[in-house]
Amino acid sequence: MTITLDRHGSVAVLTIDNPPVNALKTSVRAQLYQLVEVLDADPEISAVVLRGAGKLFVGGADIGEFDRPPETPTLPDLILRVEAAVKPWVAAIHGHALGGGLEMALGCHYRVAALGAVMGLPEVNLGIIPGAGGTQRLPRLIGLEAAIPVIAERVMLDSDRALQLGLVDRIIEGPLTEGAVAFAARLSQTRPPAGTRPLSDPGPAFWEAASARVAKAAKGQSAPLAALHAVRHGVDHGCEAGLRQERETFLALKTTQESAALRYLFFAERAAPRPADLRDVTPRPIALVGVVGGGTMGSGIAAAFRNAGVPVILSEREAPALERGLATLRGLFYAAARRGHISEAEAAARMAGVTGCVGLEGLSSCDLVVEAVFEDLNVKRKVFADLGRLCRADAVLATNTSYIDPRQIALNLPAPERFIGLHFFSPAHVMKLLEVVPHPATSSEVLATAFQLARQMGKVPVRSDICEGFIGNRMLKRTRVETEALVRAGTPFAAIDAALRRFGFAMGPFEMQDMAGLDIAYMNREAARARGESVPEGPLDLLVRAGRKGIKTGGGWYDYAQGDRTPQPSEAAAAIIAPLVGAGAPLAEDQIVDRLIGALADEGRAILAEGIASSATDIDLVQIHGYGFPRTKGGPMFLTDRKAKA
Ligand code: 3H9
C-alpha cells in the first residue's frame with residue numbers, strides 16, 4: 001500500500017508513502033480517488049488530512065510515467081474529485097510540495113504548512129506546463145502578480161511567503177500531523193474551490209510586461225510562455241476553459257522533443273553524482289583543502305570549495321602571486337555579494353575560511369590538495385613529487401590538468417592510489433561540470449571521495465578514463481577540425497557561428513575562440529608540430545601570426561571596438577585567411593548543424609567504444625554542462641539517437 005489511513009478521532013489522516021519523493025503515480029492516484037469515496041461515506045469521519053511520508057509532502061506527478069499515455073484516474077480527475085468531497089480536506093505540507101504535489105494541495109479545501117516548507121510549480125524546467133490546474137487555481141488564490149513568477153519563472157515560495165499570500169491557512173510550528181489534525185478537527189464544512197474565486201483582467205500593459213519578463217527568463221525554452229498563455233486564457237475565458245486549455249497544452253508539450261530532452265537530463269543529472277559501482281564505498285572525509293596555484297583556475301577552484309563550506313589553503317610560489325590569488329578570490333566573493341547572491345557578511349565569512357601560504361609546506365595537514373598550476377608536465381611532476389613527500393599518505397592528491405596524461409604526472413608519486421584527476425571548467429566556481437579522471441592505481445575510496453565532493457559543491461561529475469583531452473576537450477578538438485574543414489571548403493565562419501547560435505548555443509565556435517584567445521590553441525598546434533604530428537596550417541595559425549589573438553588584441557576572427565565584446569565583420573581577418581578559404585558552395589544552415597552535431601556524436605561514439613566514457617548520457621552531460629550545448633536539445637548523443645529512431 002502506498003497510502004495509509006489512520007484515524008485520529010473523527011479526522012482521517014492519509015499518508016502518501018511512495019519513496020523517494022511521494023510522486024503521484026497511477027496507483028497512488030487510484031487509491032486516493034477511492035479513499036475520497038470511502039471517507040465521504042464514513043459517518044465517523046468529519047475531515048481528512050493529506051500528508052506525505054518521509055522528508056516531503058509530494059515532489060510532483062511521476063515524471064517516469066510521462067512517456068506513456070495518461071492513465072485514469074488522471075491527476076486533474078482526482079483533484080476535481082477532492083474539490084467535490086463532502087468532508088473538508090486539509091493538505092499538511094512539509095519539505096516540498098512541487099508541481100502536481102502543489103496542485104493536489106490546491107485541490108484540498110485548506111492547507112497548513114510546517115515552517116520552512118517550500119512550494120513551487122517547476123514544470124517548465126521539464127519543458128511542460130502545470131497540467132493539473134496550477135495555472136488556474138494558484139492565480140485565483142494568491143493573485144496574478146505573485147502567481148505568474150511561480151508558474152512561468154521558476155520562483156519557489158517558502159512557508160512564510162505562502163502564508164502571507166494566502167496560499168496556506170496556517171503555519172504549524174510543532175509536530176505537523178498533530179497540528180493539522182487539530183486544525184481539521186475544528187472544521188465543520190468544505191470551502192468553495194479555488195477555481196470559483198474571481199480573477200479580473202489587469203489589462204494589456206500588465207500582460208505585455210509579464211510576457212517580456214517571462215520570455216527573458218525562458219532561456220530559449222518554449223514552456224514558460226505557454227504557461228503564461230494558459231494563465232491568460234483562464235482570465236479571458238474563465239477557470240473551466242482555462243483548465244481545458246492548460247490540459248491540452250500540457251499534453252501537447254509532453255510529447256515534444258524539448259520536453260523529452262529536459263526530462264532525460266533531469267534523470268541524468270540526478271544519477272550522475274551517485275554512480276552505482278560506488279554506492280557501497282565510503283568516501284574519505286575532507287575537512288581542509290589545499291589549492292596549488294592562485295591563477296584564474298586555482299582561485300575559481302578555491303572559491304568552489306569555499307562556497308561548499310570547506311576551508312581552503314591557497315598556495316603560490318611567491319608572496320606577490322599569492323596576494324594576487326587571494327585578491328582574485330576576495331573579488332569573487334564580493335562580486336557575488338554585489339549581485340545579491342550572498343550577503344556581505346557571508347562574503348566576509350567565505351574569505352575568512354581561506355588562508356594563504358607560500359610554497360607547499362603549508363599544505364601538509366590538508367585532506368585534499370588540488371593542483372592548478374601551469375599546464376607543463378615537468379612543473380606538475382615536481383609539484384606532485386613534493387606533495388607526495390609533504391602530505392599525509394591518506395591525503396587525496398588531485399591534478400586539474402586538462403590535457404596532460406595523469407599517468408605521466410604521477411610517474412614518481414609514492415602511493416598513487418591517492419592520486420586522481422579533477423578537471424574543473426573555467427570559471428570553476430560557476431561551471432557545473434567536473435570531469436573525474438582516475439589513474440589506473442586510484443583507489444575506489446578516492447574515486448568515491450571525488451563524487452562526494454562533487455555532490456557537496458553542486459557539480460555534475462562525469463567519470464572519464466584517460467585519453468588526450470579526456471571526454472570534453474577531445475570532442476572540442478573534433479569540432480575544431482570539422483569547423484576548420486568547413487571554412488576551407490567555402491562555408492563562411494560567420495555562417496557557422498550564426499547556425500550554431502540559432503541552434504541554441506550562446507555563441508558560435510569562432511566567437512568563442514575570440515573570447516578565449518586564439519593563442520592557446522595556436523600554441524597547442526605548434527607543440528604538436530614540434531612533436532612531429534601532422535597539423536596542417538589553418539586559418540587560425542594565419543590569424544595568430546598576424547597578431548590577431550581574439551578580443552584581447554582587438555580582433556581575431558572578428559573585429560572588436562575598444563571595451564565592446566560585440567563581434568564585427570572584419571575585412572582584415574577575411575584577407576588574412578583568404579589563401580586557405582576554398583571556393584566551394586557554402587553549406588546551408590541545417591547542413592552546418594547536421595555536420596557539426598554529427599561529428600560530435602561520432603567522436604562520442606568512439607569515446608564510448610574505447611571505454612573512455614561509461615555511457616552516452618555522461619557524454620551529453622559533458623556537452624551540456626561544460627560546453628554550452630543547449631539543454632532543450634538534450635546533447636549530441638540524445639539528439640542523434642532520437643533522429644536515428646525517428
Ligand atoms: C508534474 O508534476 C506535472 C503536473 O503538473 C501535471 C501532471 C498531470 N517523478 O532530486 P533528488 C527522483 S511534473 C519521478 O536527488 P532531493 C529522482 O530522479 C513534476 N521521480 O532528491 C531521484 O531518483 P534516483 C514536477 C522523481 O531530495 C530521486 O527521486 N515536479 C521525481 O535532492 C531523488 O531525487 C518537479 O519537477 C518525480 N517528480 O530533492 C520536482 N522527483 O534516486 C522534481 C524526483 O533514482 N523533483 N524524482 O536517482 C525535485 O525537484 C527534487 O527531486 C525534490 C527532492 C526537491 C523533490
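A: Let us begin with the ligand, where a backbone N or O atom of G59 lies 2.9 Å from a nitrogen atom of the ligand. Please keep in mind throughout that this is a predicted model.

Q: Which elements give two or more residues to the shell around the ligand?

A: They are the strand β5 (96–98) and the helices α3 (100–107), α10 (239–254) and α11 (257–271). The most is given by α11, which supplies three residues to this shell.

Q: Which residues come nearest to the ligand, and how does the shell divide by class?

A: There are 27 residues around the ligand, and of these K55, G100, E103, E123 and R270 come nearest. By class, the shell holds 15 nonpolar, six polar and six charged residues.

Q: How should I read the way two helices meet, for instance α19 and α20?

A: One looks at how closely the axes approach and at what angle they cross, and here the axes of α19 (residues 493–503) and α20 (residues 509–516) come within 7 Å and cross at roughly 100°. An angle of 65 to 115 degrees counts as roughly perpendicular, and α19 and α20 are therefore roughly perpendicular to each other. On the side of α19 the contact is made by F493, I496, D497, L500 and R501, and on the side of α20 by P509, F510 and E511. Sorted by class, this contact has five nonpolar residues, three charged ones and no polar ones.

Q: What should I look for in the backbone itself?

A: The general idea is that most residues other than glycine have a negative phi, and that most peptide bonds are trans. In this model, a cis peptide bond joins P19 and P20, with omega about 5°, and P20 lies in the loop between β2 (11–16) and α1 (26–40). A cis peptide bond also joins S426 and P427, with omega about -5°, and P427 lies in the loop between β15 (419–424) and β16 (433–438).

Q: Where does A415 lie, and what is the phi of A415?

A: A415 is found in the loop between α16 (406–409) and β15, and its phi is near 55°, a positive value in a residue other than glycine.

Technical notes: Residues numbered from 1 in each chain as written. Predicted model: local features only at pLDDT ≥ 70, side-chain atom pairs only at ≥ 80, totals over all residues. Heavy atoms only, no water. Axes fitted to C-alpha atoms, helices over the stretch in contact; angles between N-to-C directions. Helix = DSSP H or I, 4+ residues; strand = E, 2+ residues; numbered from the N terminus. Parallel < 35°, antiparallel > 145°, perpendicular 65-115°, else oblique. Contact = heavy atoms within 4.5 Å. Nonpolar A, V, L, I, M, F, W, Y, C, P; charged D, E, K, R; others polar. Near = heavy atom within 4 Å. Polar contact = N/O pair within 3.5 Å; in protein donor to acceptor, adjacent residues only side chain to side chain.
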